[in-house]
Amino acid sequence: MLGQLNINNVRNITDIRIQPSAGINLILGSNGSGKTSVLEAIHMLALGKSFRSRSLKSVVQFSQPQLQVTAKTSSNIPVGLQYSIDSGLSIRLNNAPLKRLSELATQLPLQFIPANCHQFFEQGPKYRRQLLDWGLFHVEPNFNYLWQSYKKVLQQRNSALRQHKQVNEIQLWDSQLASHGEEITKLRKMQLSRLLKEFENIFPRLCPVYENASYELKYRDGWLKGESLLSALTASISRDQQLAYTRSGSHAADWLFKINDSDPSEVFSRGQQKLFYLALCMAQATITAQNNHETSILLFDDLSSELDLLHQVNVLKELDELPVQAFITATELDAALTENHTLFHVKQGRLLESGS
Ligand SMILES: Nc1ncnc2c1ncn2[C@@H]1O[C@H](COP(=O)(O)OP(=O)(O)OP(=O)(O)O)[C@@H](O)[C@H]1O
Ligand SMILES: [Mg+2]
């Protein structure tokens with residue numbers, strides 16, 4: 001959770017100071033006013049990167065030398081990010097330079113929900129794995145180590161394949177890759193069943209037409225069903241040599257929640273797809289709060305796109321009940337939604353007024 005947010009020279013925002021509430025913060029303003037830039041600033045602070053520009057250079061306000069974002073965490077620890085065109089990125093946590101970005105991510109569990117999040121289903125397995133692994137990072141202390149080790153071993157194996165090394169030199173990596181991979185699979189399956197349990201409660205409240213639906217988890221390990229990863233690696237060595245990369249493993253896993261025996265991407269409307277993604281993020285936030293006692297931050301860009309008023313009401317009602325601090329943008333919202341929530345109006349990069 002964040003308090004005392006200050007944003008300087010981020011896109012068209014010269015200087016904004018916000019005291020966010022612990023619950024829902026609505027950021028309203030016309031097109032180009034700076035709403036998404038507020039979310040971008042928070043994203044940079046928690047993750048050290050933007051969600052829309054690869055380089056932070058284009059985020060710095062035109063003709064300025066640097067940008068700055070500062071805030072306090074829930075335990076009142078100051079956190080600050082500065083990016084200077086000349087000297088690059090520096091992040092301070094509790095007034096000391098940050099050693100690893102993962103330290104910051106632990107303090108500020110953050111999920112970003114883009115306006116086009118209904119495209120989640122089309123974006124491929126990598127995005128689905130990332131969503132799942134985000135949750136594991138925050139609730140399973142061992143997961144980050146496992147995943148980083150797995151990736152290192154995979155890189156080594158792939159590099160041996162690319163260099164057309166002897167089979168025994170390639171297979172040198174197999175037992176480590178397999179044991180990390182099996183462990184990752186176990187953790188992912190555990191997280192998915194927790195996730196499905198929360199999702200089953202949340203989704204029908206967001207999307208009442210699916211009130212009595214049945215839900216089923218499908219997980220694809222990333223290698224042939226029924227085999228161990230070690231035997232899958234052994235069996236596919238000549239194919240891997242031809243391809244010059246390792247095809248089987250946890251890096252090729254995928255998952256799906258089937259609803260009423262159907263794949264949501266094939267039967268859901270766009271609004272329902274958006275609600276599905278929102279319910280997933282809400283379920284992740286719930287599990288995170290139960291396990292590491294840190295309130296998640298949810299950045300939700302453009303509440304009203306794809307959702308009608310009734311479903312927007314459902315989303316805010318649900319968020320009101322969840323242990324999350326939400327920053328939600330919209331060009332305009334019905335009075336039924338703004339009541340009882342903290343409002344920030346942005347115009348040309350400035351804050352107009354604030355209050356409930
Ligand atoms: N580096 C920069 N320096 C100054 N202004 C910039 C920079 N990069 C982008 N802008 C401008 O900042 C403004 C804020 O953009 P932002 O995406 O935050 O608007 P928004 O309120 O989310 O609009 P929309 O409702 O259209 O999504 C835009 O007018 C954009 O052109
Ligand atoms: Mg925007």
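View 1. The largest nonpolar core holds 76 residues, and Ile42 and Ala279 have the most contacts inside it. A nonpolar core here is a set of buried Ala, Val, Leu, Ile, Met, Phe, Trp, Tyr and Cys residues joined through C-beta atoms within 7 Å; buried means 20 or more other C-beta atoms within 10 Å of the residue's own, with C-beta atoms placed from the backbone. Helix H10 (residues 270-292) is the top contributor to this core, giving eleven residues. Both domain 1 (1-109 + 294-356) and domain 2 (117-292) put in at least three residues each. All of this is a predicted model, where local features need pLDDT of at least 70, side-chain atom pairs count only at pLDDT 80 or more, and totals for chains, interfaces and linings use all residues. Residues are numbered from 1 along each chain as its sequence is written, while chains are lettered from A and ligands numbered from 1 in the order in which they are written.

**View 2. Around Ile42, plus a second core.** Skipping its neighbours within four places in sequence, Ile42 is in contact (C-beta atoms, placed from the backbone, within 7 Å) with Leu2, Leu5, Ile297, Leu299 and Phe327. A second, separate core has twelve residues, among them Ala178, Leu229, Ala232 and Leu233.

**View 3. Where the two domains touch.** The domain bounds come from an automatic or database domain assignment. The C-alpha centres of domain 1 and domain 2 are 29 Å apart, and 15 residues of domain 1 are in contact with 18 residues of domain 2. On the domain 1 side, strand E11 (296-300) and H11 are the elements that give two or more residues. H11 supplies the largest share, four residues. Helices (H or I, at least four residues) and strands (E, at least two) are DSSP runs, numbered from the N terminus.

**View 4. Helix H6 against helix H11.** H6 (residues 174-206) and H11 (residues 309-321) pack at an angle of about 145 degrees, with axes 8 Å apart. The axes are lines fitted to C-alpha atoms over the stretch in contact, and angles run from 0 to 180 degrees between N-to-C directions. Look for Ile202, Arg205 and Leu206 of H6 meeting His311, Asn314, Val315 and Glu318 of H11.

**View 5. The shell around ligand 1.** There are 15 residues around ligand 1 (C-beta atom, placed from the backbone, within 6 Å), and Asn12, Asn31, Gly32, Thr36 and Ser37 come nearest.

Terms used:
Contact = placed C-beta atoms within 7 Å.
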